Amino acid sequence: MKVVSIINNKGGVGKTTLTANIGAEIANRNKRVLLIDLDPQTNLTFSFIKVDLWKSNFAKNRTIKFWFDLILDNKSSMVNFEDLIYRINNLDIIFSHTGLTDLDVDLASKFSNKLTKPTERQLKKYYVETYSYLRNELKKLKDRYDIVLIDCPPSFGMVTKNAIIASDYYLIPAKMDYLSTLGINQLRNRVCELVQIYNNYCTYLNEDIVEPKFLGVVATMVSIRNNELISAQKAFKDELIRSGIDMFKSMIRENKTIYAISPEYGIPVVLNNCNSGIYGEVKREWIELVNEFLIKVGVV
Ligand SMILES: Nc1ncnc2c1ncn2[C@@H]1O[C@H](COP(=O)(O)OP(=O)(O)OP(=O)(O)O)[C@@H](O)[C@H]1O
Ligand SMILES: [Mg+2]
């Protein structure tokens with residue numbers, strides 16, 4: 001099983017679209033896929049389920065928020081993480097909830113309340129514990145899935161950190177513009193810092209360390225003319241490559257019409273039945289991206 005977090009603290013860069021389409025295409029290839037929506041915006045959730053069904057069957061006690069709430073109340077033994085999983089067609093998914101917004105604050109206060117006069121060992125133990133919740137649960141599912149994809153919120157809080165610590169890889173979708181490319185190095189540095197501190201503490205506590213590797217940047221919402229990236233975007237892509245950042249060869253083109261209507265029908269673009277014209281071209285992009293993705297993560 002390979003766990004991959006889709007991260008970028010910049011919003012609207014295509015994280016959710018990437019998670020949904022890569023997940024759906026991999027499941028189409030008869031691989032066992034689990035998607036986890038960690039974003040309180042719940043966009044991945046509602047790319048796969050109608051709001052009414054979610055409200056009646058999941059909102060109360062079958063979302064990732066419910067599970068985190070029980071951890072905060074020290075009642076995590078009351079729910080089995082596996083019970084959060086819902087099967088849609090050929091893939092599994094764990095839904096999110098808008099109330100997840102408060103989690104960062106709640107987890108942070110649980111952390112500080114516990115520690116009035118902590119010893120060094122206690123401090124390190126709570127730190128590792130706080131960032132390991134998801135890691136510990138996913139370890140138990142290692143024989144059940146080939147790929148787990150985690151759609152992260154556009155922030156670098158406790159939830160995203162839990163995802164990174166639980167991951168074998170992290171992937172960064174980015175638009176090819178000035179601010180987006182600037183943010184990539186900062187983001188990678190923050191991941192490295194997190195992993196370094198976490199591993200230091202694990203070593204101190206005699207626990208296994210983690211090694212989430214950078215899978216690469218996927219250029220999203222790009223404009224292609226005459227089969228080439230337009231020059232303004234190419235300059236940013238070239239700059240990233242020059243600075244030593246791994247880029248996926250496959251890119252995802254901008255197409256406002258197709259992507260605007262897609263999740264509304266509960267079908268990611270890649271699962272659309274139409275293969276002709278622009279739909280066919282867009283689907284081929286996803287197929288190529290997934291080919292590359294599976295080679296990079298070593299799942300064949
Ligand atoms: N290739 C594309 N072409 C045009 N529009 C797209 C494309 N990919 C995604 N979009 C649209 O852009 C918006 C942002 O995409 P998405 O939700 O995947 O980004 P995100 O990084 O998950 O955002 P957030 O940070 O808010 O979670 C959505 O409305 C989506 O439908
Ligand atoms: Mg999103």
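**View 1. Lining of the second largest cavity.** The structure holds 2 cavities of 30 Å³ or more. By residue class, the lining of the second largest cavity comprises 5 nonpolar, 4 polar and no charged residues, with Ala, Val, Leu, Ile, Met, Phe, Trp, Tyr, Cys and Pro taken as nonpolar, Asp, Glu, Lys and Arg as charged, and the others, Gly among them, as polar.

**View 2. The second largest pocket.** This pocket has a volume of about 290 Å³, a pocket being an open set of points with protein on both sides within 12 Å along at least five of seven lines. Its lining consists of 17 residues, of which R135, K139, A166, S167 and D168 lie nearest the centre. Both β1 (2-6) and α7 (133-140) supply at least two residues of this lining, and the largest share, 3 residues, comes from α7; helices (H or I, at least four residues) and strands (E, at least two) are DSSP runs, numbered from the N terminus. The lining of the second largest pocket divides into 9 nonpolar, 1 polar and 7 charged residues.

**View 3. Surroundings of ligand 1.** Around ligand 1 there are 17 residues, and K15, T16, T17, R253 and N255 come nearest, a residue being counted if one of its heavy atoms lies within 4 Å of the ligand. An N or O atom in the side chain of K15 is 2.8 Å from an oxygen atom of ligand 1, while a polar side-chain atom of D39 lies 3.2 Å from an oxygen atom of the ligand. From Y259, a backbone N or O atom lies 3.4 Å from an oxygen atom of ligand 1.

**View 4. L289 in helix α12.** L289 is placed in helix α12 (residues 277-297) and counts as buried because its relative accessibility is 0%, where buried means under 20% relative accessible area (1.4 Å probe, protein chains only). Leaving aside residues up to four places away in sequence, L289 touches L18, I22, V218, F248, S250 and I252, contact meaning heavy atoms within 4.5 Å.

**View 5. E25 in helix α1.** E25 is found in helix α1 (residues 15-28) and counts as buried because its relative accessibility is 8%. The side chain of E25 makes a polar contact with the side chain of R29 at 2.7 Å, a polar contact within protein being a pair of N or O atoms within 3.5 Å, one able to donate a hydrogen and the other to accept it, with residues adjacent in sequence counted only if both atoms are side-chain atoms. Beyond residues up to four places away in sequence, E25 touches V270, I287 and V290.

**View 6. Helix α4.** Helix α4 (residues 64-72) is largely enclosed by the rest of the structure, because 7 of its 9 residues are buried. These buried residues of α4 are I64, K65, W67, F68, L70, I71 and L72.

**Notes.** Residues are numbered from 1 along each chain as its sequence is written, and chains are lettered from A and ligands numbered from 1 in the order in which they are written. For this predicted model, local features need pLDDT of at least 70 and side-chain atom pairs count only at pLDDT 80 or more, whereas totals for chains, interfaces and linings use all residues; side-chain values use heavy atoms, with hydrogens and water left out.

Notes:
1 Å grid on protein atoms, 1.4 Å probe; cavity = no way out; pocket = protein on both sides within 12 Å on 5 of 7 lines; lining within 4 Å. Points joined across faces, edges and corners; volume = space filled by probe spheres on them. Buried < 20%, exposed > 50% of the residue type's maximum accessible area, 1.4 Å probe, protein only.
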